[in-house]
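Here is a short report on the fold below. It moves from a single loop residue to the cores, then to sheet, helix and hairpin.

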Amino acid sequence: MKQAKAMDAAETARLLASRVPETVPVSVRVSARARGIVLRMLPGKGLEVVAPAGVGAGLLLQAVEARRDWIDRISRRMAAEGGLPGQGPVAPRPSMLVLTAFSRQWKLSYLAREMAGCLVSNWRPTELVVSGAVSDPAAVSAALSAFCRRRAGELLRLELARVSEEIGLGYSAVSIRAQRTRWGSCTAKGRINLNYTIAFLPPELCRLVLVHELCHTVELNHSARFWDVVEKYVPDCRAMDARLNSARHYLPLWLEGAATAAPA
């Protein structure tokens, strides 16, 4: 039998680029771990199309065509905020910090000081002061990321315990991380790892991640049996999981700067 020709990622990216706005760069990445085609709009990078091994360019083209409205909408927002290559700083200095999943927000003020890096201090219950090298976007991003990881970690630990009690599925321990590609994970011993950035997601998507990982304590796979368990607690889990696969646009643009300043 003749072996199928492997997809040329660069050539396929050029084909897909013809179907999106000219200002949006397109890249294609083949992942053996991907369960389906995933489209991500990444600040400073443009549209990333993640394809499972063996998927052809035709299916990727269909996926991009089906999400044209979404791509156009998010690219306009990112362009307005300076989040597309060649359009200014990738990590703009924010005026508000919002943990959407928990309806928590803080107004941000900035104070320049002669020091390396930045510090975040509570000024009032709903106001924070970022002090230090505030003209350095990477330093600001690193400080805000550290604050969010601590604060989101506290909230996520409490919420995981609440959801665990609600659905009757326990876990052995929880840790808060800054995973690059996962919203969460669960070990065979029931230890749950949560990406702190799920606190930036809408509440229903954040809860889906918590339920998803708790369900792994009884089904440590992504089989039909696993999704049947999740569906008991989240009836529309499959549709919501599709939303979750392309949910990075909910994350603030300054997080892209934090990626190099404060690696996980």
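Thr197 sits in the loop that links strand S10 (191-195) to helix H5 (203-215). The model is predicted. Is Thr197 buried or exposed? Its relative accessibility is 8%, under the 20% cut-off, so Thr197 counts as buried. Leaving aside residues up to four places away in sequence, Thr197 touches Trp183, Leu251 and Leu255.

**Nonpolar cores**

The largest nonpolar core holds 56 residues. Leu97, Leu194 and Ile198 have the most contacts inside this core. Which helix gives the most to this core? Helix H4 (residues 137-167) does, with twelve residues. As background, nonpolar side chains tend to be buried together in soluble globular proteins.

Ile198 has its own set of contacts. With residues up to four places away in sequence not counted, Ile198 touches Ala101, Leu156, Trp183, Cys206, Val209 and Leu210. Trp183 is also on the contact list of Thr197.

**The three-stranded sheet**

Three strands form an open sheet in the order S1-S3-S2, with mixed pairing. S1 and S2 stand at the edges and have a single partner strand each, so one side of each lacks a neighbour in the sheet. Neighbouring strands are turned against each other by 25° on average, direction ignored.

Strand S3 (residues 46-52) is mostly covered, with seven of its seven residues buried. Strand S1 (residues 26-31) pairs with S3 in the parallel sense, over six bridges. Strand S2 (residues 38-42) runs antiparallel to S3, and five bridges join the two. Val50 in S3 is the bridge partner of Arg29, and Val50 is also the bridge partner of Val38. Ser31 stands opposite Pro52 in S3.

Helix H1 (residues 9-17) packs on this sheet and touches S1 and S3. The directions of H1 and S1 make an angle of about 135°.

| Strand pair | Sense | Bridges |
|---|---|---|
| S1 and S3 | parallel | six bridges |
| S2 and S3 | antiparallel | five bridges |
| S4 and S5 | antiparallel | four bridges |

Strand S4 (residues 96-99) has two faces. Leu97 and Leu99 make up the covered face, while Met96 and Val98 make up the uncovered one. In a regular strand the side chains alternate between the two faces of the sheet. Leu97 is also one of the residues with the most contacts inside the largest nonpolar core.

S4 pairs with strand S5 (residues 104-112) in the antiparallel sense. Val98 stands opposite Gln105 in S5. How many residues lie between S4 and S5 in the hairpin? There are four. Ser103, in the turn, has a positive phi of about 55°.

**Helix H6**

Helix H6 (residues 224-233) has the buried residues Phe226, Trp227, Val229 and Val230. Why are they on the same side of H6? They cover an arc of only 155° around the axis, which puts them on the same side of the helix. These buried residues pack against H5 and helix H7 (237-245). The face turned away from the buried side carries the exposed residues Ala224, Arg225 and Lys232.

Definitions and conventions
Residues numbered from 1 in each chain as written. Predicted model: local features only at pLDDT ≥ 70, side-chain atom pairs only at ≥ 80, totals over all residues. Heavy atoms only, no water. Buried < 20%, exposed > 50% of the residue type's maximum accessible area, 1.4 Å probe, protein only. Contact = heavy atoms within 4.5 Å. Core = buried A, V, L, I, M, F, W, Y, C linked by side-chain atoms within 4.5 Å. Pairing = 2+ DSSP bridges. Arc of directions from axis to C-beta. Axes fitted to C-alpha atoms, helices over the stretch in contact; angles between N-to-C directions.
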